[in-house]
Amino acid sequence: MNAIITVVGSDKVGIIAKVSAFLADRDINIEDISQTVLSGNFVMMMMVNLSSSSKALEEIKRELTVLGDTLNVSISLMHEKVFSAMHRI
């Protein structure tokens, strides 16, 4: 099962490292990643594969929200099908 994770906030050292470590600790593989810094704002989008994780999507969402709070960034996760439907033209 694939999902999309977005991370947005003020740029600082360690955002990618901490989000990546969080995912690795839960057996979530990063399939694709894109990140940039725009005028000091960090923006990252990842496609991840949740099929090896023992945690439910909603639990991972809650834990990512907590991680985002500790990093002072906004982290969201949604199923790939929901993301695709929302962004269909």
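Tutor: Valine 43 is partly exposed, because its relative accessible area is 31%; by the convention used, buried means under 20%, exposed over 50%, and partly exposed in between (1.4 Å probe, protein chains only). This is a predicted model, in which local features need pLDDT of at least 70 and side-chain atom pairs count only at pLDDT 80 or more, while totals for chains, interfaces and linings use all residues. Residues are numbered from 1 along each chain as its sequence is written, and side-chain values use heavy atoms, with hydrogens and water left out.

Valine 43 belongs to strand β3, residues 41–49; helices (H or I, at least four residues) and strands (E, at least two) are DSSP runs, numbered from the N terminus. Together with Val8 and Leu38, Val43 makes a nonpolar surface patch of about 230 Å². Patches consist of residues with over 30% relative accessible area and no salt bridge, where like charges are joined within 9 Å and nonpolar side chains (Val, Leu, Ile, Met, Phe, Trp, Tyr) within 5 Å. The areas come from the Shrake-Rupley method with a 1.4 Å probe, and for residues only the protein chains shown count as cover. A salt bridge is a side-chain nitrogen of Lys or Arg within 4 Å of a carboxyl oxygen of Asp or Glu.

Strand β3 pairs with β1 (residues 2–10) in the antiparallel sense over 9 bridges; pairing requires that DSSP find at least two bridges between two strands. Strand β3 also pairs with β2 (residues 29–38), again antiparallel and over 9 bridges. Valine 48 of β3 is the bridge partner of alanine 3, and valine 48 is likewise the bridge partner of isoleucine 30.

The hairpin of β2 and β3 has 2 residues between the strands, and serine 39 there takes a positive phi near 50°. Most residues other than glycine have a negative phi. Serine 39 is exposed, because its relative accessible area is 79%.

Within strand β2 lies aspartate 32, which counts as exposed because its relative accessibility is 51%. Aspartate 32 and methionine 46 are 14 residues apart in sequence, yet their C-alpha atoms are 5.6 Å apart in space. Leaving aside neighbours within four places in sequence, aspartate 32 is in contact with Met45, Met46 and Met47, contact meaning heavy atoms within 4.5 Å.
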